Amino acid sequence: MPGARAQALLVGAGLLCSAAQAVEVPADFDLQFGASLMRFEFREYADTGRQLVRELGTLPGFVAKAEQTIARWRWSVGFSYHAGTVGYDGQTQAGASFTTTSDATVARIHARALHSLDEDGRYAAGLGFGYGQWQRGIRGRGAVSGLDERFVAGDVSFDARVSVLRGPSATAEIDLQLAWPIRPQVKVDFAGLYDAQTLALGPRLATRVSVPVSWSAGPSSRIVAEPAFEAWGFGRSATQTLYRNGAPAGVVYQPQGKGYNVGLNLVWVQSF
């Protein structure tokens with residue numbers, strides 16, 4: 001019996017060692033930081049489908065990301081920030097044409113986990129969660145007053161990545177995100193003319209497609225160029241009562257909007 005017990009202990013120890021070796025999977029950790037340019041375009045539409053507003057301009061910014069690969073899983077947390085001035089071509093509430101500029105600040109954070117679907121890691125899919133906001137400052141001109149708006153929304157996304165090129169010094173991938181907004185809303189500040197108002201917006205599916213291409217820049221570093229296209233937007237809000245100093249002064253609503261962004265990120269990646 002003592003011999004059988006010792007043999008059983010040896011077998012158990014061997015199994016534990018094998019399991020420990022299986023768990024000890026090498027992990028790659030990357031830090032990314034770089035510059036970004038975004039061609040920002042946004043349009044508002046009336047209920048009839050007629051275009052009310054178009055904003056267009058280029059916003060400079062930066063991007064940062066932390067990413068880690070463990071076995072067949074790859075998780076990441078990324079942040080982007082763009083700010084600048086865009087052209088505003090719209091109309092007043094009376095229907096007269098109104099052209100000015102708008103200050104735009106767009107920030108977004110996105111976290112996700114992807115799982116490789118094949119042994120080579122060429123195909124991966126998973127889920128992501130994000131939060132974004134767009135600060136919009138429409139400048140007044142002449143007798144027309146400006147206003148400030150802050151659009152915010154969380155989102156849950158289906159994410160996928162396909163490797164299309166793997167070379168000794170260069171790689172290329174296609175990255176896809178389909179995001180569904182969670183509680184999109186806008187807070188409108190009328191610069192003191194009326195009381196500030198918060199309006200719930202209708203959700204609309206957002207799509208982002210990018211093609212990150214990387215080149216080796218050293219034993220533990222690389223450079224990534226990532227062109228991207230994003231289609232986003234929101235549905236019309238409900239019509240609500242507008243107040244001035246707590247007293248009813250009319251009605252207000254946010255028209256439906258559609259955005260189309262084209263961007264380019266140039267990123268330095270350091271691996272550890």
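Which residue does E173 meet in a salt bridge? Before I answer, note that this is a predicted model. The partner of E173 is R161, and the N to O distance between the two side chains is 2.8 Å. The pair links distant parts of the chain, with E173 in strand β7 and R161 in strand β6, 12 residues apart. Both ends are buried: E173 has a relative accessible area of 16%, and R161 has 9%.

R112 sits in strand β4, residues 97-116. Is R112 buried or exposed? R112 counts as buried, because its relative accessibility is 8% and the cut-off for buried is under 20%. Its side chain makes a polar contact of 2.6 Å with the side chain of D175. Leaving aside residues up to four places away in sequence, R112 touches R74, W75, S76, L127, G128, D159, R161, D175 and Q177.

Next, the strands around that region. β6 covers residues 147-166 and β7 covers residues 170-189; they pair antiparallel over 17 bridges. Three residues lie between β6 and β7 in this hairpin. As one example of the pairing, F158 has L178 in β7 as its bridge partner.

How many salt bridges does the structure hold? The count is 18. One of them joins the side chains of R136 and E55 at 2.4 Å, N to O. Since R136 is in strand β5, residues 123-138, and E55 in strand β2, residues 51-70, this pair ties together parts 81 residues apart in sequence. R136 is buried at 2% relative accessible area, and E55 is buried at 0%.

The last pair is E41 and R43, whose closest N and O atoms are 2.7 Å apart in a salt bridge. Here E41 is buried at 7%, whereas R43 is partly exposed at 23%.

That's it from me.

Technical notes: Residues numbered from 1 in each chain as written. Predicted model: local features only at pLDDT ≥ 70, side-chain atom pairs only at ≥ 80, totals over all residues. Heavy atoms only, no water. Helix = DSSP H or I, 4+ residues; strand = E, 2+ residues; numbered from the N terminus. Buried < 20%, exposed > 50% of the residue type's maximum accessible area, 1.4 Å probe, protein only. Polar contact = N/O pair within 3.5 Å; in protein donor to acceptor, adjacent residues only side chain to side chain. Contact = heavy atoms within 4.5 Å. Pairing = 2+ DSSP bridges. Salt bridge = Lys/Arg side-chain N within 4 Å of Asp/Glu carboxyl O.
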